[in-house]
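The questions follow a few elements through the chain.

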Amino acid sequence: MKLDIIRMTLGPMPNNVYLLGDHDSGRAVVIDPSFGGASVLVRAKAQGWNLGGIWLTHGHFDHIAGAGEIAQSTHPPLPVGLHPADLAWYTKDGGASQFGMSIPPLPEVTLAFEAGMRLGLDAGLPAVVEVRLAPGHSAGHVMFYVESLGALLCGDVIFRQGIGRTDLAGGDMGTLLESIRTQVFSLPDETRLLPGHGPETTVGFERENNPFL
Ligand SMILES: [Zn+2]
Ligand SMILES: [Zn+2]
């Protein structure tokens, strides 16, 4: 197995969209497809990767807007994973209308994430990722830990010298800080943090420099 993570920055928010792929098997998943699903498909194809699923850290519209276009690129549509506690967002267009936005129709969620779940890049492939539940920005926010790469895809939980907003439905500051302490800062200092917005950082850098913690 030869895993690799590719980042694309897409959409008006702007969002980091990640492809996690394996150069040996040619399988990959897309994490948090924002606006511009077609460009994710082009990029995966250029890598020689076939997509095995769509994994969502949470249900906010800017992290899911491209899911429909990507899911429908295969027959049957690609599986879509989300924690059930974020379905309230997902089934209301990810809250797009609250922000005066609209997003394309969303595919059905077919995979219910839960804390500690281990995921492979496609059905029958060995697990490469651990699901970490980290509520506080939203009630069902999850992160994807790729231990073999020393990388955590952390969505809107923590950013370089920032944290996710907690003023939207399901958000709670105390819960978010607790999630960061127990689910992010419990990882080794050199662990790469790959967030939903902005530049990547590390656990050690944030432990020292994040003003919210
Ligand atoms: Zn969010
Ligand atoms: Zn976001």
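**A covered strand and its partners**

In this predicted model, strand E3 (residues 27–31) is mostly covered, as five of its five residues are buried.

Q: Which residue stands opposite Val30 where E3 meets strand E2?
A: Strand E2 (residues 15–22) runs antiparallel to E3 and is joined to it by five bridges. The hairpin of E2 and E3 has four residues between the strands, and Gly26 there takes a positive phi near 75°. Opposite Val30 in E3 stands Leu19.

Q: What is the bridge partner of Val30 in E4, and what is the hand of the crossover that leads there from E3?
A: E3 pairs with strand E4 (residues 50–55) in the parallel sense, over five bridges, and the partner of Val30 in E4 is Ile54. Between E3 and E4 the chain passes through helix H1 (residues 37–47), in a β-α-β crossover that is right-handed.

Q: Why is Phe205 classed as partly exposed?
A: Phe205 belongs to helix H5 (residues 203–209). A residue with 20 or more other C-beta atoms within 10 Å is buried, and one with 12 or fewer is exposed. Phe205 falls in between because the count of other C-beta atoms within 10 Å is 15.

Q: How many Å apart in space are Phe205 and Gln161, C-alpha to C-alpha?
A: In sequence, Phe205 and Gln161 are 44 residues apart. In space, their C-alpha to C-alpha distance is 8.6 Å.

Conventions. Residues numbered from 1 in each chain as written. Chains lettered and ligands numbered in written order. Predicted model: local features only at pLDDT ≥ 70, side-chain atom pairs only at ≥ 80, totals over all residues. Helix = DSSP H or I, 4+ residues; strand = E, 2+ residues; numbered from the N terminus. Pairing = 2+ DSSP bridges. Right-handed = clockwise from strand over helix to strand, strands pointing away.
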